[in-house]
Structures are given as structure tokens and as C-alpha cells.
Amino acid sequence: MPTRQIFSIFLFACAVVALSLVGLARAADSDGGDAAALKEIRSEMRQLREERKRDREVIHSLEIKVQQLETKDSKVETTTQQLQSTDQKLKETTLELQQTNAQVKTLQTKVDAPIPSPEFGDAISRYLGTHSFTITGAAGGNFVYDQQSGALDGLHSASQNSFFFDWEPMILYRPTDWILFEGVISTAFGSTGTGVDLSTADFQIFLNDYMTVVAGLFDQPFGDWYENQSPMWVNRFVTAPLPFGVEPVVPPAELGVQLRGGAQFGSLGQDFDYTVWGGNGPSYTSNVLGAVVSSPTAVANSQTNGKSIGARFRVYPLPVDSEMGRLELGASTYNGKWANGNWFNSWGVDFNYFIGNLQTRGEWLQSYRQMPNGVGADNRQGWYVQGGYFLTDLNIPGLPGMLNSYLHRFEPLVRYSGVNQRGVSTDDIAAGTGVGQGGFQAGLVPDFGINGSPATYAPHSREVALGLDYWIAPSIVWQNEFDIELPRSGGVFVSPTGAETPAGSIPNDRAFLSQFTIGF
Amino acid sequence: MRKIFAAIVLATLAIGFVGAHASADENVSPAEHRRLFRDGARLWPVYCNTCHNARPGDEKAPYEWNLIIMHMRTLGNLPAGDVRALVEYLKSR
């Protein structure tokens, strides 16, 4: 290798070394500056992180505050809505109060106003005279459908598919303010033609606030049925309950004298009343077991030579202002002699309760009839319970108002009644009893006020009656009744000679009765 | 027989006495009229509905209510004071 070349290489190497050393020196100088910068950067980054952390904390704190504010705002909004609603209600209530006040003022004005026109009333009274007179009562037409399924132990049976009409005018005559005459005549066209019967005819003398004398022919004041429930527009059903039907437990009327009255014992509506009476006493269609106890006018009391006495006490414990309804509790007894001194005794209890649209009532009664010639006593029991509900407050959603108003006039009803007695007279079954309204009821078919189908003559009769009344006015009603007879076995049928035959099969009859009645 | 005769005489005297007393009850003050009207308005739906639907006063002439209320007083054994309230209410309509 030439020297020049070696020298060149050497120089080149020296140059490289020199340059490297310069680079290293420069690199050393540069490393010192970067570390400081890096430190500064790191410091700044730490600061930034701390600031960021603080910022986050601040943001979190602010978020919490925002949430709290939002919650508060929501509550404020709800409270505001509630306040607005309350304010609206207050306005409506104020308006209602104003209307009520106006109505009260109107009513107060009416109440405080003088009682109307004494001059005109006096003039009319003078024109009419001091003796006043009016006619009330009831009239009704009905349709009866009773397709009987069979005969009653081989006795007579019949079917009914007919219209009837009944008119029962009541005459009231008032000669003075303490005397009243009352007379009721029943006239009807029934299954045996036209009949007329004198139902009641009596004087009522008002002795004082607590005593009234009634003298004449009157409905038996035993329990509630005969006196208060038998008028056709008052009875919720077309027919009478079984104890007051073709086989009555006590006589339906009496010829005699009553003393009666009532008084208040507590608040307004808390009353009690009493009735005591005496009369010609019970009579029967014949002397045999199971004969029907008769109205005084039916047999003219030929079966009796003794008098009767009776008493009834009723109490109404609920005050009018209690708004707990009206409750009546009563107890009755009626006793006398028939057929040469044989005893007749009876007693019963009754109730009546109504509140709002609900009406319920019921009676339980029992009689003992001493029989002549050593025959065992002719004991009888009867009862009924019934309920009805006016649909006045029923509104079916979606039904037009007019249809709802028609619906309000309906009153669905149900009644369960029964009679237990040892025997039934076949004469009464075959010939009819005459105890019905009009006094001509022929037996074995329904008639006015009475379901006389064969099953009601069973010694142990039972009946379920379903009713649907449509009230056109308070005393104008269209009544519909479906009777289901459910007689029990037992008891005897008694021939006119007194021979007794065990009661055999008795058809479970059904009957439909529809009646339009006006009370006037 | 003497006892029966005496009882009839006593009853006749009693009827005459109390009947005359009852007749004097017609004259009442306007304030009493208003009290009777208010009581009658409370009693009317309760007493009448005990047996049958309550019938409005304008169904009958006032003089007819005099008779009908006497009839109902007997049937319902209504207290005499309440009867006066009822008739006042029904006649005022």
C-alpha cells in the first residue's frame, strides 16, 4: 500500500473521529437542554392534570347542582300544577256554593212566603160545603196465563188464558174534622162473571190525638197485609202471598169495633202504634178440618156464636233524620170462638224495612182452631218474605239517556211464601173460596189478587214469585209476575163428610200474570 | 144491660167532648204553618213509602187531602202532630 494512500486513510479516519467527537460534544450539550424542557413539560403536564382533575370536580359539582336544580324545578312545576288544580276546584266549589246559596234563598223565600191564598181556598171550601166527599180507590185490568200440568189428586183442574178487570172504588165522606166514613166496594169481571163485594164500610171517629174509634166492617188489622198491602196498586205483586190467598191463616176482615192510635216516643219518625178490636169472630165454610176461614160477609157468621178480640202493636225505632231508612216491627194476635164455643187463636209477627231504593217486608203467622167432635186441632202456619229494588239510580254506560230513563222505572221483585196445614177441604177446592177481591173467585185458577192454581191448595204449599214492575207514576204501574209453585208432600184432603185422604201427587204449577193498575 | 147503656152514654159524651176539642185545632199561626210545612216535607217521603209510593201533593185538591189524610191516619196509626204536618205540606204543594 502506498504511503499516500495510507496517509489519506489516516486523515480520513482522523476527520471521522474529529467529526464524531464534535457530534458527541454537541449531542452532550443538546441532551442537557432537552431534559430541562422535558422536566418543564412534565411539570406543566402535572399542572394540567391537576387542573383537569379540579375541573372535573368542579364539573361534577356543577352537574350535581344542575340535577338538584332540575329536581327542584320539577317539584316546583308539580306544585304549580297542583296549585292550579286546587285553584280550579276552588273556583268550581265557589260557583256551586253560589248556586246552592241561590237555591237556598229561593227555597227560603218560598218557605217564608205566606201560605197560599186563604181567600181562594176559603171560597172553594164554602162552595163545596162543610161536608166533603171524594172517591179514591183503584182499577186494574190483567191477563192470566196458567197452563196446568195435571189434576190435583183426581180433583178438578183447569187452565187459564184470559183477561179480567177489577174496580174498587173507595168512598170517603167527612162531615166534620173528627169523623170520617169510608166504604170500599169491589166489582170485577172474573172467571165466573161479574161479581160485587162489600170490602169495607166503617166510621172513623177521632177522639183525640191518641185514640181513634173505627166501627163497622173493616180489614183485619192483623199484621200488615190485609190493611195496608192488599190494595192492588199498593201490592208490589199481582197476587197475595200464600198465607193471605186461597187458604188464609186468619180471617181477612171483621165486623166490629176498633180502638187505635199512635204516638211519637223520640225524635221525628220514632213512633209506636196500637190497635185493639173486637168483633163477630171467625167463621168457616164448614165444620170439617181444613175448611177455609171466611170473610164476615161471605157466610154471615153462621159458624160463630162467640166474639173475637185482637191486638196489634208496632214500633218504628229509626228517626227520620238518621238516614238509616224506615224500620217497622210488629206483633199481632186475634182470638175468638166459632161453632158453639170452639176456640180460635192466632198470633203473628211482621217487619218492614226500606232504605233508598230497597224495599223489604215479611210476616209469620200461626193459628189454632179447636175442632168439634174430638177431631184434632186444625193448626195452620204461614209466612212470606219479599224484596224489591227500584232501578232509579242505574245508568248503563253507552245506553242513550232516554233508554236509561225508561230503565229507571223498573222494579225487580222476588217473594217466597208458604202455608202449612193439616188438611184442605175438597169442597173449597172444587167450589172456590170467595175470599179473593170481588168475592167470586172460583178456585183452581188465578184471579184478581190471588193465585188460585191447584198447587196453592196443597196442605203444604210453597211459592216463589218473581216480579217486574214498571212504574209510570207513583200510583200507576204495569206489573208482571211469574209464579213457581213448589208444593211439599204431606197433609190430607178432607171430604164434606170429614173423611180424610192423604194428599197424593200435586202438580208443580207455573203461572204468568200481567196487570195494569191505577190507584186514584 | 145497665153497664152497656152506661158505657154507651160515657162513650157518647167522650166523643162529643174530644171531637169539639179536635175541631179547634184549625186556627194556627203562620209560623206554626211554616213549621208544619217543614216537618211535613221531611215526613212525607218516609211515612208514605212505608206502605206505598209517596204521591205528590198536586195530585189532589187541598180539600181532598183533608179526607185522604184522615183515612191514612187511621190506616197507618200516624201520630196526630205528624198528620197535621203532612196535610199542611201536601195541601201547599
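**Exercise 1.** What percentage of the 93 residues in chain B do buried residues make up?

*Solution.* The model is predicted: local features need pLDDT of at least 70, side-chain atom pairs count only at pLDDT 80 or more, and totals for chains, interfaces and linings use all residues. Residues are numbered from 1 along each chain as its sequence is written, and chains are lettered from A in the order in which they are written. A residue is buried if 20 or more other C-beta atoms, placed from the backbone, lie within 10 Å of its own C-beta. Buried residues make up 35% of chain B. For chain A, with 520 residues, the figure is 38%.

**Exercise 2.** Check the length of helix α2 of chain B and locate its bend.

*Solution.* The expected span is 1.5 Å times one less than the number of residues. Helix α2(B) covers residues 30–49, which is 20 residues, so it should span 28 Å; the end C-alpha atoms are 28 Å apart, in agreement. The bend at a residue is the angle between axes fitted to the seven residues ending there and the seven starting there. At Leu43(B) the bend of α2(B) is about 45 degrees, and Pro45(B) follows within four residues.

**Exercise 3.** Identify the buried residues of α2(B) and what they pack against.

*Solution.* The buried residues are Leu36(B), Gly40(B), Leu43(B), Val46(B) and Tyr47(B). They pack against α3 (62–76) and α4 (80–92) of chain B, and against β9 (326–338) of chain A. Contact means C-beta atoms, placed from the backbone, within 7 Å. Between the chains, 47 residues of chain A are in contact with 39 residues of chain B.

**Exercise 4.** Describe how α2(B) and α4(B) cross.

*Solution.* Axes are lines fitted to C-alpha atoms, for helices over the stretch in contact, and angles run from 0 to 180 degrees between N-to-C directions. The two axes come within 7 Å and cross at roughly 95 degrees. That makes α2(B) roughly perpendicular to α4(B) (65 to 115 degrees). Residues making the contact include Leu36(B), Leu43(B) and Tyr47(B) of α2(B) and Leu86(B) and Tyr89(B) of α4(B).

Notes: Helix = DSSP H or I, 4+ residues; strand = E, 2+ residues; numbered from the N terminus. Buried ≥ 20, exposed ≤ 12 C-beta atoms within 10 Å, placed from the backbone. Contact = placed C-beta atoms within 7 Å. Parallel < 35°, antiparallel > 145°, perpendicular 65-115°, else oblique.
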